Amino acid sequence: MAASDLARARHRDPDGERGSWWRHGVFYQIYPRSFQDSDGDGVGDLPGITARLNHLNDGTPGSLGIDAIWISPFYRSPMADFGYDVADYRDVDPRFGTLHDFDELLGQAHERGIRVIVDLVPNHTSDQHPWFQEARSSLHNPKRDWYVWADPKPDGSPPNGWRSVFKPVGPAWTLDKATGQYYLHLFLPQQPDLNWWNPEVRTAMDEVMRFWLDRGADGFRVDVAAALVHDPRLREEPTASGARRRWPRYWGLPDVHEIHRHWRKLLDASGDHMAVGEVSNDPARRLVRYYGRNDELHLSFYFHFMQQPWKAGAFRRAVAEFEAALPEGTWPNYTLSNHDRPRAASRYGPGRARVAMMMLLTLRGTPFIYYGEEIAMTDVPVPADRVVDVDGRDPERTPMQWDSSDGAGFTSGSPWLPIGPDSGTVNVERQRDDPASMLSFTRRLSWFRRSSAALRWGRFQAIGSSRTVFAFLREAPGERLLIALNFSETPRRLRLGSLAATEPARLELSTDPARRPGAVDLRRLELGSNEGVVVRLRQRGNRWTADR
Ligand code: GLC
């Protein structure tokens with residue numbers, strides 16, 4: 001987006017809030033190992049991302065029209081968790097390039113109007129991080145208290161029954177033999193948890209944030225943002241009738257909110273910056289606590305779409321719960337997939353990917369697209385001898401499929417994970433010039449969204465309670481859109497009641513390439529199986545009420 005467009009978009013923001021780019025824009029998540037390899041080592045890198053920026057946004061509808069990218073970690077790391085184990089927060093891992101490559105990527109992205117947010121991993125470091133190396137060197141090292149240490153029980157076992165999350169789930173404690181104490185790790189033993197009760201840790205992480213903001217980054221995706229603060233008394237997790245609670249207390253005390261408020265101030269004070277937190281899978285009414293009073297992280301990821309069955313009612317409910325729970329002034333967001341979950345096109349089947357994408361880009365809220373979703377990439381089966389992730393997440397992390405060559409245009413070498421067996425057909429090059437492709441559809445939809453105030457920030461209203469069709473209105477002054485998504489395998493006639501009388505209506509977009517834009521009669525409009533449509537309705541006088 002050109003600077004003038006950004007300024008205009010801000011101007012139109014109903015509550016005039018700063019930072020509106022992160023509300024109105026479309027985000028795209030890049031898993032850097034898998035996006036584009038530029039040096040033939042089989043692993044993606046930062047120069048690779050730079051080389052592919054035109055795919056994301058070259059200023060024309062021939063690109064995806066993306067407004068911001070989130071790049072998963074590219075910092076120095078032993079890669080026990082592929083970068084989520086950081087050994088140096090202020091440097092680029094040589095496998096991904098150099099700081100200079102980052103600056104180049106950022107400059108090139110900004111030239112195209114693409115904002116860049118980077119992954120902040122504050123809950124834990126790598127066990128190779130100099131902080132931890134120092135901390136473990138002796139009981140009295142000044143950095144000892146930067147991590148969470150505890151003595152063994154008298155029988156030598158871990159201090160309590162807290163569990164780590166990766167499979168096979170085990171104790172969240174590992175004994176450091178040299179100093180005779182256990183250290184805490186909610187994830188791998190190679191990912192010791194930082195002690196957020198220690199003010200020096202907070203200051204150190206502020207400095208990490210400033211480092212990237214000073215370089216020009218536009219904000220952060222915050223890893224495990226809710227779990228930073230552990231019970232300082234290390235109390236045993238209370239169990240209800242023997243069962244573990246879904247959200248054990250050691251996965252974050254409410255004291256974390258103070259940290260989020262502090263970050264919000266830091267980000268807002270330093271420019272037009274934002275943070276989106278990976279907080280929890282909690283029901284919406286609990287999840288929204290992480291928005292605070294619109295004074296904590298700008299967005300808290302809403303992961304519920306990743307858990308819904310393919311049912312109109314399930315998605316309608318997920319949206320309604322989120323919309324109803326959001327605190328005053330805060331803003332929703334939606335995600336279909338990420339690097340930790342099976343891809344949407346695999347969960348639902350590639351034939352449904354378009355409806356899912358249409359829903360993502362037309363709801364009220366910031367959409368996050370996962371790389372490859374624009375061509376309906378699916379999870380790739382990974383043979384046992386090529387499994388590299390500790391937690392079974394390889395299938396959704398395979399290389400981006402750019403073309404039908406051996407390395408899928410991703411690499412000239414041998415790729416770190418197998419290339420999808422469908423890369424001969426499911427790839428960017430094949431789909432680029434095919435007007436009926438998923439990619440062409442995604443581009444049309446995204447550029448339509450860019451041109452539509454109603455979709456970018458307009459009000460939202462769900463219509464009806466059909467078991468098969470999820471329908472809703474998006475409205476801004478001068479613009480009124482109906483979105484109807486058929487989640488069933490059979491054609492469905494829309495039942496819109498009085499709304500159908502708001503003719504004339506114009507069909508703007510369909511997931512079905514055979515259906516052309518043009519006038520439609522809403523009383524007769526029949527959606528095909530898994531078809532979604534965007535229909536422009538006549539504007540009724542003064543119906544608009546300012547959004548909250
Ligand atoms: C987050 C990341 C995941 C990582 C974990 C530990 O959940 O998304 O990929 O393994 O944190 O850092």
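In this predicted model, helix 7 and helix 8 meet through a defined set of residues: Arg202, Asp206, Met209, Arg210 and Leu213 of helix 7 are in contact with Glu258, Ile259, His262, Trp263, Leu266 and Leu267 of helix 8. Sorted by class, this contact comprises 6 nonpolar, 1 polar and 4 charged residues. The axes of helix 7 (residues 199-215) and helix 8 (residues 256-269) come within 12 Å and cross at roughly 30°. Because angles under 35 degrees count as roughly parallel, helix 7 is roughly parallel to helix 8. Their crossing is right-handed.

Six strands form an open sheet in the order 14-15-16-21-18-19, and their pairing is antiparallel. Strand 14 and strand 19 (518-520) lie at the edges with a single partner strand each, so one side of each has no neighbour in the sheet. On average, and with direction ignored, neighbouring strands of this sheet are turned by 30° against each other.

With 8 of its 8 residues buried, strand 15 is largely enclosed by the rest of the structure. Val469, Ala471, Leu473 and Glu475 point one way from the strand, while Phe470, Phe472, Arg474 and Ala476 point the other way; all are buried. The buried set thus includes the charged residues Glu475 and Arg474.

On one side, strand 15 runs antiparallel to strand 14 (residues 459-463), and 5 bridges join the two. Within this pairing, arginine 459 has glutamate 475 as its bridge partner, and alanine 462 is partnered by phenylalanine 472. The two strands form a hairpin with 5 residues between them, and glycine 464 in the turn has a positive phi of about 70°.

Strand 15 is also joined to strand 16 (residues 479-486), again antiparallel, by 8 bridges. Here glutamate 475 stands opposite arginine 480. This hairpin has 2 residues between the strands, and glycine 478 takes a positive phi near 85°.

Helix 14 (residues 438-451) lies across strand 16, strand 18 (505-510) and strand 21 (532-536), and runs at about 135° to strand 18.

How values were computed
Residues numbered from 1 in each chain as written. Predicted model: local features only at pLDDT ≥ 70, side-chain atom pairs only at ≥ 80, totals over all residues. Heavy atoms only, no water. Axes fitted to C-alpha atoms, helices over the stretch in contact; angles between N-to-C directions. Helix = DSSP H or I, 4+ residues; strand = E, 2+ residues; numbered from the N terminus. Parallel < 35°, antiparallel > 145°, perpendicular 65-115°, else oblique. Left-handed = near helix turned anticlockwise from the far one by under 90°. Contact = heavy atoms within 4.5 Å. Buried < 20%, exposed > 50% of the residue type's maximum accessible area, 1.4 Å probe, protein only. Pairing = 2+ DSSP bridges.
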